[in-house]
Amino acid sequence: MRSTLTYALKRLLLVPFMLFLIATLSFLLLALIPGDPAVLIVGEFADQETLARVRADLGLDRPFWEQYLTYLAAVAQADLGQSYLTGTPVMEEIGQRLPNSLVIIIPSLLMAVVVGTVVGTAGGYFRRGPVGKVTSVLISAAQGVPPFFLAIVLIYLLVFTIRMFPVPTGMLYSSMRPPPEVTGVVPLDALLAGQWSVLGAITAHAILPVIATGLFLASYFAKTVRTSVTQAMATPQVEFARACGLPERQVVRYALLTARTSVLTYTAVLFGVMLSATAVVEVVFSWPGIGAWALDGVLKGDLPIIQGFIVVTGGLVIIAYVVLDVLVAALDPRIRH
Amino acid sequence: MKASGELKVEDLRVSFQTAQGTVRAVNGVGFVVKPGDVLGVVGESGCGKSATLRAIAGLTQPPGHIDGGRVEFDGRELTGLGRGGLRRILGNEIGFISQSPFGALNPILSIERQFRNVIKAHRRASARECREIALKALRDVGIAGPERVLDGYAHQLSGGMAQRVVIAMATVHNPQLILADEPTTALDVTVQRQILDLITGLIAESNRSMLIVTHDLGVVAQYCTRVLVMYAGQAVEEGTVDQVFRTPQHPYTQALLAAVPKVGGEIRGLQGGLPDLINYPSGCPYADRCPKATEVCVETRPPMVRAGQGRRTACHHAAGEVAGYAAARS
């Protein structure tokens with residue numbers, strides 16, 4: 001246990017350095033992306049004087065390295081600047097939207113792990129029988145259908161045809177008043193105000209996007225688990241477990257143990273992917289999440305939004321990977337000792 | 001009290017489905033292992049000796065398939081038992097020792113946890129009782145600090161120690177019969193002897209029996225009471241170690257014994273290769289390589305025939321050769 005702790009600390013020490021690298025990368029974007037932010041803000045027809053003033057306000061007339069240091073100092077104080085177009089602080093916007101996205105991403109990842117592990121195990125264990133063939137088809141289908149398409153089909157069937165779920169217009173019913181603003185994070189504010197009806201509405205609205213995303217993600221878990229279980233079933237380890245007379249469910253559990261690391265790895269990787277990939281599903285469901293917002297920022301060339309999004313999601317991915325490394329080490333005695 | 005535990009195998013057939021066709025790995029092998037017997041099954045790689053062992057324990061994995069034959073243990077037919085019935089016998093009345101201890105042991109679970117699973121598979125026991133049973137089993141296989149081994153993991157053990165742990169697990173329920181698949185191939189030469197001494201010691205102690213698959217004739221000579229020689233999925237000769245090693249009747253056995261390197265002597269390999277196991281020959285499978293082959297060998301397969309005193313051989317030309325070979329060797 002002691003060695004796991006030291007290992008965790010060592011990995012944690014790397015985080016600030018990685019964050020520094022990400023901040024640097026996101027700053028360099030400024031130099032790489034064509035166009036003049038000043039033009040974006042005041043428009044193409046502004047006179048030279050106005051443009052120069054805006055540039056000076058943004059600090060764009062300073063030497064490159066000076067801009068870099070100013071940017072790093074600001075990021076270190078959690079100041080990600082303001083949107084060029086709306087003027088709202090980026091950090092505040094992210095703080096309010098990221099939790100909304102997590103309301104979709106985390107449950108869909110959990111669903112994907114459970115569904116994927118069950119389907120993958122069945123597929124690997126019965127790979128030669130009809131169950132194996134069916135799961136194989138299911139996995140390919142789930143991988144081939146993009147989540148937004150599944151989302152549209154689900155909306156058509158379950159919202160407009162049988163009216164089982166609310167119309168996909170954000171997190172709340174249109175007639176519902178949002179909870180009193182304390183943190184700015186709607187689910188959290190609802191919880192603080194004890195408004196269970198609001199929480200219920202959020203849940204009802206979240207189910208379809210979670211299913212659409214979760215099924216897609218589940219296919220990846222199912223695939224890796226199926227491969228691991230298929231391989232494990234042919235190992236001398238499983239043969240010896242059977243030869244010792246272990247019940248079949250325990251034999252399967254032995255085989256599943258080998259899949260544990262790859263499931264954890266996929267969870268961390270897909271979490272990182274979903275932070276931006278959730279954008280399309282958010283658009284389909286009008287979900288006020290971070291992905292749709294960042295996509296909008298990218299399309300409009302709103303640089304502080306793009307940079308802020310990169311720094312925050314990059315930081316989250318790094319933390320997810322550190323947690324992953326530590327978990328893997330803690331679970332595997334060969335790394336732990 | 002567990003019953004006698006005689007193993008009787010009759011006309012066992014195992015095949016493997018491959019893209020090239022059906023590989024006939026075991027083609028009608030039969031033998032008996034009586035209590036107290038240590039039967040060595042020998043033959044070159046691919047002769048079906050491991051496939052035979054797996055089929056007996058019901059461990060044949062797809063694409064392998066048992067096409068026919070009977071396996072009877074202690075008066076019960078194992079082939080028709082199904083997974084559940086077989087499970088109650090495996091690990092309890094029949095112990096299985098595999099080739100590589102690190103392959104067999106679970107790398108993620110502690111040794112104690114694995115012992116507990118194996119013990120609880122066949123009897124009710126508390127965690128504490130399981131630990132006591134496991135400690136005793138580890139002491140019985142000559143492990144000096146069993147507590148430390150029990151609390152540790154497979155990767156912390158040396159090869160010899162790990163194989164002792166495997167043996168302790170396989171024999172924790174005192175099985176009457178032990179099936180061993182090349183139990184020392186993965187180990188250092190210096191450790192091989194200790195492990196074999198240990199296994200055969202366990203057998204001799206309580207009149208158990210063992211089937212050991214090996215390609216090492218030295219191991220057979222030293223540790224087995226009987227020997228079964230296999231070639232291309234068939235038994236070609238069977239008898240006591242003394243009979244088969246002193247007066248081998250089948251030309252393949254003779255070639256196999258002649259191929260054992262001797263100090264100072266030249267190394268004599270076997271000529272030719274195994275027959276095609278997909279288009280299996282209708283005659284004697286060894287006819288291609290056999291110096292004594294005649295027309296009858298190519299046309300009809302020689303049956304396994306008794307040659308007195310529990311020895312059998314499958315060769316058209318066997319009977320007349322006994323005296324000649326013995327004379328030539330002495």
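This is a predicted model: local features need pLDDT of at least 70, side-chain atom pairs count only at pLDDT 80 or more; totals for chains, interfaces and linings use all residues.
Analyst: Two strands count as paired here if DSSP finds at least two bridges between them.

User: Which strands stand at the edges of the open sheet of eight strands in chain B?

Analyst: Pairing in this sheet is mixed, and the strand order in chain B is β6-β7-β8-β3-β9-β10-β12-β11. An edge strand has a single partner, so one side of it is left without a neighbour in the sheet. In chain B that describes two strands, β6 (94–97) and β11.

User: What angle does the direction of α11(B) make with that of β9(B)?

Analyst: Helix α11(B) packs on the sheet and touches both β9 and β10 of chain B. Its direction and that of β9(B) make an angle of about 105°.

User: Where does Met304(B) lie, and is it buried or partly exposed?

Analyst: Met304(B) sits in the loop between α12 (295–299) and β11 (305–306) of chain B. Buried would require a relative accessible area under 20%. Met304(B) has 24%, so the residue counts as partly exposed.

User: How far apart are the C-alpha atoms of Met304(B) and Glu238(B)?

Analyst: Leaving aside neighbours within four places in sequence, Met304(B) is in contact with several residues, including Glu237(B), Glu238(B) and Arg312(B). Along the chain, Met304(B) and Glu238(B) are 66 residues apart. The separation of their C-alpha atoms is 9.0 Å.

User: Which strands are at the edges of the open sheet of four strands in chain B?

Analyst: This sheet has antiparallel pairing, with the order β2-β1-β4-β5 in chain B. An edge strand pairs on one side only. The edge strands of chain B here are β2 (21–33) and β5 (76–77).

User: Which residue in β2(B) is the bridge partner of Leu12(B)?

Analyst: Strand β1 (residues 7–18) of chain B and β2(B) run antiparallel, joined by ten bridges. Within β2(B), Leu12(B) has as its bridge partner Val29(B).

User: Which strands of chain B does helix α1 touch?

Analyst: Helix α1 of chain B, residues 49–56, packs on the sheet, and its direction makes about 115° with that of β1(B). The strands of chain B that this helix touches are β1, β2 and β4 (64–73).

User: How many aromatic pairs are there over all chains, and which kind of pair do Phe216(A) and Tyr220(A) form?

Analyst: Over all chains, the count of aromatic pairs comes to nine. In the pair of Phe216(A) and Tyr220(A), the ring centres are 5.5 Å apart and the planes make 75°. Planes over 60 degrees apart put a pair in the class edge-to-face.

User: How many residues apart are Phe216(A) and Tyr220(A) in helix α9 of chain A?

Analyst: Helix α9 of chain A spans residues 196–233, and about one helical turn separates the two residues. Phe216(A) is buried, at 18% relative accessible area, while Tyr220(A) is partly exposed, at 25%. Their spacing in the helix is four residues.

User: How many residues apart in sequence are the parts tied together by the pair of Tyr231(B) and Tyr252(B)?

Analyst: This aromatic pair is tilted, with 4.5 Å from centre to centre and 50° between the planes. Tyr231(B) and Tyr252(B) are both buried. Because Tyr231(B) is in strand β9 (residues 226–231) and Tyr252(B) in helix α11 (residues 251–258), both of chain B, the pair ties together parts whose separation in sequence is 21 residues.

User: How many of the eight residues of helix α10 of chain A are buried?

Analyst: Helix α10, residues 236–243 of chain A, is mostly covered. Among its buried residues are Val238(A), Phe240(A) and Arg242(A).

User: What is the radius of gyration of chain B?

Analyst: Chain B has 13 helices and twelve strands, and 54% of its 330 residues count as buried. A compact globule of 330 residues would have a radius of gyration near 20 Å. Chain B agrees with this, at 21 Å.

Notes:
Residues are numbered from 1 along each chain as its sequence is written. Chains are lettered from A and ligands numbered from 1 in the order in which they are written. Side-chain values use heavy atoms; hydrogens and water are left out. Rings of Phe, Tyr and Trp (its six-membered ring) pair if their centres lie within 6.5 Å; planes under 30 degrees apart count as stacked, over 60 as edge-to-face and the rest as tilted. Buried means under 20% relative accessible area, exposed over 50%, partly exposed in between (1.4 Å probe, protein chains only). Contact means heavy atoms within 4.5 Å. Axes are lines fitted to C-alpha atoms, for helices over the stretch in contact, and angles run from 0 to 180 degrees between N-to-C directions. The radius of gyration is taken over C-alpha atoms; the globule rule is 2.2 Å times the number of residues to the power 0.38.
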